[in-house]
Amino acid sequence: MRSIIDWANSIQIIDRSDELFESDPLYAFALDELLCKEAQLRNTSFCHIWRHPNAFILGQRDSRLPGVADAMDWLNSQGYFPVVRNSGGAAVPLDLGTVNLSLIFPKNTSNNVHFHQDFEKMYTLIRDSLSLTGLSIDKGEVQGAFCPGDYDLSIAGRKFCGIAQRRQLHAYSVQAFIIASGVGAARTKLVRQFYDLSALDAPITDYPQVTDESTASLEELAYLGEDATHIFIDAIKRTLTRAQSQTGTSLSLNYDQLEHAPITLPNSETIRAAANKLRKRYSIS
């Protein structure tokens, strides 16, 4: 994998991590969809950073489990906002200790390569951002983790990050969730309860078999303290801006600065409309 410097120079950083006024978690996924269109039109790239206080994101396979409607009702009763996402992967709970990253790139002849190259970009960014810990960041499926995949990221055998991808005709996004602070086992118990309610008599091969010891937060694994969430977000932004400084660019913006950005980004009304389209397209039947 080439250095971050090779692809970070054109990235515009959109930090929405402290913008928590949108209750609908599909708002962030809809913004990613619209940013893909901007990436293709403007030949630029984005790093979208966001959080949500109480969401439960289902994969499309999860949405076909026999008891999923009752499981979603239960999640609502527990104060979670359940939705089905349009990218790959299985169920993931979101809270303020979980950081979501999207790297969004236009497709062209120089970067339209095998999808593993795209996952490597996210892995390299997260690995380099955590270099301050001195710990080894491993990749490869972690048995017993929720949303398992070949690009699980782990420390000492315990998962803290999962990576998925969404491809459009002329652009694509690589999306990661990073469990930064809090207790990993609290998330695994919630996901296991969801599958207990939703799976019913489905074959065990149809959903992950989640165990508590599989997953932990960066606060637990890297001893970053209670403010691990913001420490990690700052590390991501520093890593990207350091790469940009070596190429003479700097495109880091907070969300409230977007109206002054060199590229006009979609307004909230447009994003909400796109979120409603996603909800209809991926609704539980």
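What is the handedness of the crossing of helix 3 and helix 5? In the structure considered here, which is a predicted model, the crossing of these two helices is right-handed. Helix 3 covers residues 68–77 and helix 5 covers residues 184–199, and the two pack at an angle of about 140° with their axes 7 Å apart. Because angles over 145 degrees would be needed for a roughly antiparallel arrangement, helix 3 and helix 5 are counted as oblique to each other. On the side of helix 3 the contact involves Val68, Ala71, Trp74 and Leu75, which meet Leu190, Gln193, Phe194, Leu197 and Ser198 in helix 5. Sorted by class, the residues of this contact comprise seven nonpolar and two polar ones, with no charged residues.

A second pair of packed helices is formed by helix 2 and helix 8, which pack at an angle of about 105° with their axes 8 Å apart. Helix 2 is therefore roughly perpendicular to helix 8. The residues of helix 2 that take part in the contact are Leu26, Tyr27, Phe29, Ala30, Leu31, Glu33 and Leu34, while helix 8 contributes Ser268, Thr270, Ile271, Arg272, Ala274, Ala275, Leu278 and Arg279. By class, ten of the residues in the contact of helix 2 with helix 8 are nonpolar, two are polar and three are charged.

A search of the whole structure finds 13 salt bridges, and one of them joins the side chains of Glu22 and Arg272, with a nitrogen-to-oxygen distance of 2.6 Å. This pair links distant parts of the chain, since Glu22 lies in the loop between strand 1 (11–16) and helix 2 (26–42), whereas Arg272 belongs to helix 8 (residues 268–281), 250 residues apart. The two partners fall into separate accessibility classes: Glu22 counts as buried because its relative accessibility is 12%, whereas Arg272, at 41% relative accessibility, counts as partly exposed.

The side chains of Asp24 and Arg279 likewise meet in a salt bridge, here with 2.1 Å from N to O. Asp24 is buried, with a relative accessible area of 14%, and Arg279 counts as partly exposed at 29% relative accessibility. A further salt bridge is found between the side chains of Asp152 and Lys159, at 2.7 Å from N to O. In this pair Asp152 is buried, with a relative accessible area of 1%, and Lys159 also counts as buried, at 1% relative accessibility.

Attention may next be given to individual residues in strands and loops. Phe105 lies in strand 6, which runs over residues 98–106, and is buried, with a relative accessible area of 2%. The C-alpha atom of Phe105 is separated by 5.6 Å from that of Tyr172, although the two residues are 67 residues apart along the chain. For Tyr207 and Gln168, which are 39 residues apart along the chain, the separation of the C-alpha atoms is 26 Å.

Tyr207 itself is placed in the loop between helix 5 and helix 6, and counts as buried at 16% relative accessibility. When residues up to four places away in sequence are not counted, Tyr207 touches Leu65, Tyr195, Ala199 and Ala202. Leu200 also lies in the loop between helix 5 and helix 6 (218–221), but Leu200 is exposed, with a relative accessible area of 56%. The phi angle of Leu200 is near 50°, which is a positive value in a residue other than glycine. A positive phi, of about 55°, is also found for Tyr223, which is not a glycine either. Tyr223 has its place in the loop between helix 6 and helix 7 (228–245), and counts as exposed at 70% relative accessibility.

Terms used
Residues numbered from 1 in each chain as written. Predicted model: local features only at pLDDT ≥ 70, side-chain atom pairs only at ≥ 80, totals over all residues. Heavy atoms only, no water. Axes fitted to C-alpha atoms, helices over the stretch in contact; angles between N-to-C directions. Helix = DSSP H or I, 4+ residues; strand = E, 2+ residues; numbered from the N terminus. Parallel < 35°, antiparallel > 145°, perpendicular 65-115°, else oblique. Left-handed = near helix turned anticlockwise from the far one by under 90°. Contact = heavy atoms within 4.5 Å. Nonpolar A, V, L, I, M, F, W, Y, C, P; charged D, E, K, R; others polar. Salt bridge = Lys/Arg side-chain N within 4 Å of Asp/Glu carboxyl O. Buried < 20%, exposed > 50% of the residue type's maximum accessible area, 1.4 Å probe, protein only.
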